[in-house]
Amino acid sequence: MRHLLLSTLLILSPAAVAADHADGAEFAIAIHGGAGTITRANLSAEQEAAYEAKLTEAINAGYAVLESGGTSMDAVVAAVTIMEESPLFNAGRGAVYTFDGEHELDASIMDGATREAGAVAGVKTVKSPITLARAVMENSVHVMLSGEGAEEFSRLQGLEQVENSYFNTPARYQQLEAARAKLGEQPDKQAYLNLDQRYKYGTVGAVARDKAGNLAAATSTGGMTAKRWGRVGDSPIIGAGTWADNESCAVSATGHGEYFIRYQVAADICNRMKYQDLDVYTAGDTVIHDVLLPAGGTGGVIIVDKDGRVHLPFNTEGMYRASRQANQTIEVAIYKD
Ligand code: ASP
């Protein structure tokens, strides 16, 4: 199975991916499963294969929607839902722990054709936060719901609820213990503590362009390990962690959320394309490498532009990612090189 799978995958460096996608495509999809200290040294062959298999399953699900003429909105939700159900990623099932040993999940979604958006923050019993974010967009007059109100809306919508313990996993609990030990040294300065990136990242996201030329973006996360006081990161914030505009691009981000909020990363990339007429590679690289990194912000983004070009820039050692353009092979990659 592993042999079969790997023989159908092309593991490419970001540069190769960028070069490959200089031409646009009628439809395209890209996904991420988080960025951070992801190196060959700290991932076993089994873990690597598990991530590759799940990324492949998710991108295939989204691609199938697009290929059959479905919408970019349906495609990004299909891909993100699969990753939410996997314990491998810090979203849904595999969400990280808060300082108090619970899970608080955030998600957002945006429709590039209409600029409609939906987001939820700090939900504890919603099995699929991305499905709830979509329901907020489609079935409420609001863009963002949080906490108990969001839970109530979820119940009214008939969405699946679970116990908070559904999100418990031993690996994430170990990360909490390690992070708590480190935070004990300086508990009131969490956002600025230089925690090991392993404690923070693993968000999932998807961006797509469909045959009709409509863009969509979706992001779902458990946030940052050991977060406190109802902390909300960039993932549910439209413009920071998620953005889609048919006139420029669709972006989903992963990384140190506080920086992505302050630099409005997702919207900044698309607006550079729109107002400065930059191509997707220049706009994405400028924000991730020349703006965010010097400021101290680590992470990455996945981008599909209005013509179906794909770019996946990140400034960390790795980012779980995959992309597929119309009639092209799947590309799955984890490391920087
Ligand atoms: N951006 C997320 C947050 O800050 C974390 C991540 O991408 O893993 O909540």
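This is a predicted model: local features need pLDDT of at least 70, side-chain atom pairs count only at pLDDT 80 or more; totals for chains, interfaces and linings use all residues.
A polar contact, as I use the term in this notebook, is a pair of N or O atoms within 3.5 Å.

Entry 1: In the side chain of Thr203, an N or O atom lies 2.7 Å from an oxygen atom of the ligand, which I count as a polar contact because the pair falls within 3.5 Å. I then found a polar backbone atom of Gly202 at 3.0 Å from an oxygen atom of the ligand, and a polar side-chain atom of Asp234 at 2.6 Å from a nitrogen atom of the ligand. Is the ligand buried or exposed? Taken alone it exposes 270 Å², and I noted that the protein buries 100% of that area.

**Entry 2: the shell.** I looked up the 12 residues around the ligand, and those that come nearest are Thr203, Arg231, Asp234, Thr254 and Gly255. Sorted by class, the shell holds 8 polar, 3 charged and 1 nonpolar residues.

**Entry 3: the sheet.** I followed the 8 strands of an open sheet with mixed pairing, and wrote down their order as S4-S3-S2-S6-S5-S1-S11-S12. At the edges I found strand S4 (144–146) and strand S12 (331–335), each of which pairs on one side only. From one strand to the next, the twist averages 10°.

Technical notes: Residues are numbered from 1 along each chain as its sequence is written. Side-chain values use heavy atoms; hydrogens and water are left out. Two strands pair if DSSP finds at least two bridges between them. Helices (H or I, at least four residues) and strands (E, at least two) are DSSP runs, numbered from the N terminus. Axes are lines fitted to C-alpha atoms, for helices over the stretch in contact, and angles run from 0 to 180 degrees between N-to-C directions. A residue is near a molecule or strand if one of its heavy atoms lies within 4 Å of it. A polar contact is a pair of N or O atoms within 3.5 Å; within protein, one must be able to donate a hydrogen and the other to accept it, and residues adjacent in sequence count only if both atoms are side-chain atoms. Accessible areas come from the Shrake-Rupley method with a 1.4 Å probe; for residues, only the protein chains shown count as cover. Ala, Val, Leu, Ile, Met, Phe, Trp, Tyr, Cys and Pro count as nonpolar, Asp, Glu, Lys and Arg as charged, and the others, Gly among them, as polar.
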